[in-house]
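Open the model in your viewer and keep the selection tool ready.

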Amino acid sequence: MAPTRRRRLLCFLGILLNALIGVMCEAELSFTLEPSDIIAVQEQPLMLHCQVDGIPPITTQWRRNGLLLTQDQHHTTFINGSLLIAHFQKTKSDGSSDEGDYECIAQNSFGLVVSRKARIQAATMADFHVQPESVHAEESGVARFQCQIHGLPEPVISWEKDSRPVDTSNERYTLLPTGVLQITGVREEDSGRFCCVAHNSAGVKHSAEALLTVSGSQSSVYKEPVIVVGPENLTLTVHQTAILECVATGYPRPIVSWSRLDGRPIGVEGIQVLGTGNLMISDVGVEHSGVYVCAANKPGTRVRRTAQGRLVVQAPAEFVQPPQSIARPVGTTAIFTCQARGEPEPQLTWLKNGQILEPGGHVKLRNNNSTLTIYGISQNDEAIYQCIAENSAGSTQASARLTVLWADGLPGVPTHVEAEALSPTTIQVSWREPDKNTQDIIGYVLHIRRTSDPAEMEYEEAVSKVTLQQIIRDLEPSTNYTFYVKAYTSHGASKPSDSVTESTHGEVPAPPSLYTKVVNGSVVQATWESSSKMGQPQGFRLYYRRAHTPLFTGPIAFPRNVTQYNITHLDSSLVYEIKLIAHNQHGDGNATIRFVSLREAVAKSVLDGPCDCVKDEQGKTSTTGIIIGIHIGITCIIFCVLFLVFSYRGRLMMCKTVQATPQAGNGAAVDSSSSSQGASGLNGAARREMEVNGSAARKKAVDSNELESLFMQPNTREMCMSDSYMLNNTQLSTIPLDEFAVERETQFRETPVAGAAQQDQG
């Protein structure tokens, strides 16, 4: 339902409910105390409590296992509702029994309620089904005795040694509530006869005796850790105590630890370790459910043995949201909500005045019985409704009353209800005023649903009292809808009008998607897809023609399951127009048109042809990337080689210039002590340098400070001098002399430098 409609309806119903008189009666029938589960003692009196609150007179009855109990000398019901069983008997002379499920039933003029079921059982004590067995243990070892017995209530187990109670103050003795006796660090004095004693309200029983013998110690012999007894799988109810046993042996004595298989911490609250490794969890809750792992670790190593057991904790049903009493005008809808939790998940059952409520007609149960909806309520629906939540751990109940508001002068039924389809999504509904009691009408409510939907899918639209028609929008095409109308006053609603059914108009199909593909110079393939919007097509019609010519070729008809066609015998030099129309029983939809050129026979459709070029593009991109990468790599290598060559040559020129500086200052030739090849090379270079100096003297001199900063740094000069002696004749002869002379020209261009060199020489 659209938000606008919902707001209008809520506003209208709010005005109506504010005008209602006497919404609730002064009190409702409910339990203040319900019977509880009891374990009764044979031939002893038993009292079951039940207290009810409500408007008198209230009658109280009891039933056992679904059958009413008669008042006799054995069963007495008190005025407050409690039941007394004079002498509880598990089995009577006639074969009947006082055991069973008891329910308290209370009734007054407003309805009937039923209490929770209370299970009554007789206290019993069976024979031991597990007797203790004799044990032979080594000194400093572990001895374990066990006995098991069934009884109601659960028997309390204790142990005797040589007909005397076991000394529980001895920390080496561990008594588990499960009937297990553990003795650690066994000594010779522990030898004797052990007996298990069980007692509850039904009596006391002794088990058979078991003998403990102790032999000499072999504790110095290394033994791998072994878990003798691991934890068992347990199923308990919340607030009980869980005992997870773990007994391990070995030498040296293993260290016992506990963990959860799911990795969650065990916690500390309510957790206790009994003896040398037994885990006790007091007041268990659902959060304690899980798999527990006992580990026996060899001290100082990672050697360990493990055993595991599953703990399942059940929780009786309890209400998260109990049903609430409500009052509704006749003809309206009443909704009760009931939500419960527990472990396992509770099952919900509804009662009407103590009888199981079966859904059907105007009564619906939804959401796993958590929601009870009653449509078009009448006086017969006024009752007390109960929600029963039950699982294997227990049951609980909650009640609520439905009050049906009825007043004299309610309006009559609207008449002449008619519906007319206006379009595929709209229907107009009209009606006439009721024949009586129209003066107090405050409005109408139009009820709408798809005819194929269940009644709970119905929705409403509020209509002003001066408007006797309504257009319902946002409907589905070609769909049947059912309508009826109610008139409302401040006292309540009229009975529903007669229902009327109308179908919306059908829709023509939406334009299909059309794709074209040039197969060759004379064939075009057309492919199409129908649209999911609007009406569904029954078929397609295909037309084609030369562009800008008046007549189409076609139609070529196809059923709805055909989605492809090849148009042949086309002229490769022309452009063609292709048109596709989807149709159904309501008419033709809008056409989809495409233009195709055949001039390039191998090309795909110009406009809408599907393209499968991802693979080619990926290949092109991959090849282009490889070529570009190779070019970049080669370019980098070339630049690096050139940089190294030129930097090396420049450094060589600088060094030779610094070496030649004192020779130029003295005007002397190179020392004759040089090798003949080296001397001739240098003399030739010196002669040319002198010639260059003659002409360079006439040029403008450069700043002597700049020359000093370039050539007179001691570190650079020494380095170059040392490098120059490492050059062989071949290296010197490969340097072009004209380049060498130009470098020296820069060196001797400044006269003061030569003068300074002569002073040094002198």
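Select strand β42, residues 427-432, together with β45: the two pair in the antiparallel sense over four bridges. Strands here are DSSP runs of E, at least two residues, and helices are runs of H or I, at least four residues, both numbered from the N terminus. Two strands pair if DSSP finds at least two bridges between them. Now pick V429; its bridge partner in β45 is Q470.

This is a predicted model, where local features need pLDDT of at least 70 and side-chain atom pairs count only at pLDDT 80 or more, while totals for chains, interfaces and linings use all residues. Residues are numbered from 1 along each chain as its sequence is written, and side-chain values use heavy atoms, with hydrogens and water left out.

Next, go to R560. It sits in the loop between β52 (553-559) and β53 (564-567). Which residues does R560 contact, leaving aside neighbours within four places in sequence? Q536, P537, Q538, G539 and F540. Contact means heavy atoms within 4.5 Å. Draw a C-alpha distance from R560 to Q538: 5.3 Å, at 22 residues apart along the chain.

Last, select V641 in helix α2, residues 614-666. V641 counts as partly exposed because its relative accessibility is 46%; buried means under 20%, exposed over 50%, partly exposed in between (1.4 Å probe, protein chains only).
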